[in-house]
Amino acid sequence: MALNRRKFLKKSAVTGAGVALAGAAAAPAAEAATPGHGHGHGHGHGRHPKRYSLTVMGTTDLHGHVFNWDYFKDAEYTDGAGNAQGLARISTLVNQVREEKGRRNTLLLDAGDTIQGTPLSYYYAKVDPITAKGGPVHPMAQAMNAIGYDAAALGNHEFNYGIETLRKFEQQCRFPLLGANALDAKTQRPAFAPYVMKTFHVPGAAPVKVAVLGLTNPGIAIWDKAYVQGKLTFPGLEEQAAKWVPKLRSMGADVVIVSAHSGTSGQSSYGDQLPYVEDAAANVARLVPGIDAILVGHAHLEIPELKVVNEKSGKTVVLSEPLCFAERLTLFDIELVFSRGRWEVESVAASLRNSNAVPDDPKITRLLEDEHKKVVQYVNQVVGRATQTLTTVDARYKDAPIIDLITKVQEDVVKAALAGTQYAALPVIAQASPFSRTSQISAGDVTIRDLSSLYVYDNTLVAKLMTGAQVREYLEYSAGYYVQTAAGAPVDVEKLTNAGGRPDYNYDYVSGLAYDIDVARPAGSRIRNLTFNGAPLDDAQQFVLAVNNYRANGGGAFPHVAAAKELWSESTEIRTRIAEWATAKGVLDPKDFASVDWKLTRDGTPVF
């Protein structure tokens with residue numbers, strides 16, 4: 001079955017659907033807290049002011065993880081740190097917290113990146129798409145509805161499959177998707193609900209009103225340009241929070257929580273391509289008064305509690321980021337006291353709970369067992385045939401066809417993307433690294449799982465404009481991976497690579513050129529006989545380099561590439577592109593992708 005079995009991904013116009021500026025976006029208000037729950041409710045005497053305890057739970061960067069399962073390994077998920085993943089575990093943790101605190105005294109939020117990241121989420125976007133007439137309900141919507149989420153911020157990966165898929169997912173969720181800084185490009189009004197307002201009843205006292213403001217990532221404008229350009233704009237988190245927080249306070253919010261799909265570093269991976277900060281959550285806390293707590297996302301870091309003092313009010317704002325893939329749950333414990341006729345936040349404390357401490361919630365397991373089985377079957381289905389075994393065993397020191405397969409796919413995707421643009425005539429070259437020493441695609445039947453295991457990282461593809469001179473320096477830097485080895489000395493392949501501790505993933509092949517790497521020479525002067533189309537490389541020649549986003553953003557500190565002009569990028573994983581390419585071909589034959597572009601030499605004599 002082809003990966004794009006159904007082509008329902010028509011570009012949909014962004015309508016004003018889902019815009020809710022008023023509390024209409026809110027789910028029904030929480031019911032009255034039962035006495036005895038939410039410890040410490042006073043009795044109205046002046047000496048004993050009324051108190052209320054609220055717990056706000058949060059997850060982020062779930063990335064399609066429902067179960068503790070690795071679809072690429074076809075086994076339970078495990079890692080060295082003993083982490084467990086998936087919403088089925090989170091559901092158990094949430095049930096525990098609701099039991100401890102009283103369900104009526106809790107809120108459950110998410111900070112985005114929900115519908116992309118596993119074969120499960122890919123399957124329901126592309127193979128059996130939720131957008132099809134009478135199509136399925138997205139497993140992430142089913143799970144989050146069953147667990148009882150109150151709101152989720154939009155992540156950048158929500159846009160990976162186009163606006164139509166996102167709108168369908170939004171319809172399927174029984175809670176709002178929030179994005180105060182996701183605006184309709186024409187009207188400049190919010191294209192999604194900016195906030196939700198919840199009311200908590202306190203016996204014998206005024207209700208507590210809690211506002212949740214959702215903010216998404218400005219980088220969407222770059223990363224999913226193909227889908228959002230001319231339809232949506234994504235201004236900065238700081239300016240939009242400064243606009244909305246006072247509004248929420250004037251509407252009577254006693255507590256303001258921000259769910260932000262944005263990290264805390266204050267940095268941006270996209271340099272000065274956008275005037276807005278990518279990881280702006282701490283900036284928001286520092287610059288915008290009136291916020292009590294921020295649920296942080298996007299950065300895939302674990303931050304139990306970070307306190308930031310607001311520059312204008314002098315008050316402390318508490319931030320927390322639970323680890324991605326449903327490995328952690330954040331708890332904000334908020335204590336309120338009723339004084340001078342209104343509720344005031346007395347303290348906020350953040351902590352994390354670990355998914356590995358609990359079993360799956362059988363309710364979620366039962367609910368999504370069928371969908372899970374379908375996807376397991378899908379990744380294990382045969383999509384083609386390999387004419388010979390392809391392996392990475394010696395890919396570190398010999399030009400291996402299996403790495404050429406990656407560069408060939410990247411070249412083809414970028415050529416297709418640039419067709420019809422001013423750059424269409426430029427030669428496309430591509431980089432890839434020997435990521436794994438154990439990857440193998442055996443001769444015979446090939447499954448989607450086999451193809452996916454070839455590229456172990458979640459990298460995506462970028463097209464950068466480079467000159468011949470820059471490419472030469474790039475290759476020279478890459479060749480520093482080899483240990484200098486004199487011409488007569490014996491060669492031990494175990495000692496030939498990883499000079500200075502450089503990892504395998506920071507050694508790049510570059511396709512489309514021919515060159516020798518002379519390891520008898522010192523690093524910095526190893527690239528010999530560098531040719532393009534059979535002629536010595538012209539330093540002024542322009543190339544399009546198809547490169548992964550890690551390298552494009554400066555990962556590995558390769559020269560020129562991070563600063564080079566970006567011509568195009570996308571957010572579909574390279575591993576998915578490899579699977580799609582091979583599925584379309586049906587046969588993996590090295591004659592379609594393999595070429596010996598480079599070899600190791602010593603004083604001009606080949607090492608192997």
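A pocket, as I use the word, is an open set of points on a 1 Å grid over the protein atoms alone, with protein on both sides within 12 Å along at least five of seven lines; its lining residues have an atom within 4 Å of a point. A cavity is a set of points where a 1.4 Å probe fits but cannot get out.

**Basis.** I worked on a predicted model, in which local features need pLDDT of at least 70 and side-chain atom pairs count only at pLDDT 80 or more, while totals for chains, interfaces and linings use all residues. Residues are numbered from 1 along each chain as its sequence is written, and side-chain values use heavy atoms, with hydrogens and water left out.

**Second largest pocket.** I looked up its volume, the space filled by probe spheres set on grid points joined across faces, edges and corners, and noted about 490 Å³. I found 22 residues in the lining, with Val-413, Trp-568, Glu-570, Thr-572 and Arg-577 nearest the centre. The elements giving two or more residues to this lining are α6 (225–228), α10 (401–418), β28 (566–573) and α15 (574–585). Helices here are DSSP runs of H or I with at least four residues, and strands are runs of E with at least two, numbered from the N terminus. By class I noted nine nonpolar, five polar and eight charged residues. Nonpolar covers Ala, Val, Leu, Ile, Met, Phe, Trp, Tyr, Cys and Pro; charged covers Asp, Glu, Lys and Arg; the others, Gly among them, are polar.

**Thr-572.** I then turned to this residue, which is found in strand β28. Thr-572 counts as buried at 16% relative accessibility (buried is under 20% relative accessible area, exposed over 50%, partly exposed in between, with a 1.4 Å probe and protein chains only). Apart from neighbours within four places in sequence, Thr-572 is in contact (heavy atoms within 4.5 Å) with Asn-459, Thr-460, Leu-461 and Arg-577.

**Cavities.** My search of the whole structure gave three cavities of 30 Å³ or more. The largest cavity has a volume of about 170 Å³. Its lining holds 17 residues, and Phe-72, Pro-119, Tyr-122, Arg-575 and Thr-576 lie nearest the centre. At least two lining residues come from each of α2, α9, α11 (448–453) and α15. I recorded nine nonpolar, six polar and two charged residues in this lining.

**Aromatic pairs.** I noted 24 aromatic pairs in the structure. Rings of Phe, Tyr and Trp (its six-membered ring) pair if their centres lie within 6.5 Å; planes under 30 degrees apart are stacked, over 60 edge-to-face and the rest tilted. Tyr-123 and Tyr-378 form an edge-to-face pair, 5.2 Å centre to centre with 70° between the planes. Tyr-123 lies in helix α2 (residues 119–127) and Tyr-378 in helix α9 (residues 362–379), so the pair ties together parts 255 residues apart in sequence. Tyr-123 is buried at 8%, and Tyr-378 is buried at 4%.

Phe-159 is in the loop between β5 (151–153) and α4 (163–172), and Phe-234 in the loop between β10 (232–233) and α7 (237–250), 75 residues apart. I also noted a cluster in which ring pairs link Phe-435, Tyr-455, Tyr-457, Tyr-505 and Tyr-550.

**Charges over rings.** I took a charge to sit over a ring if NZ of Lys or CZ of Arg is within 6 Å of the ring centre and within 35 degrees of the ring normal. Arg-502 lies over the face of Tyr-477 at 4.5 Å from the ring centre. The charged end of Arg-551 sits over the ring of Phe-558, 4.0 Å from its centre.
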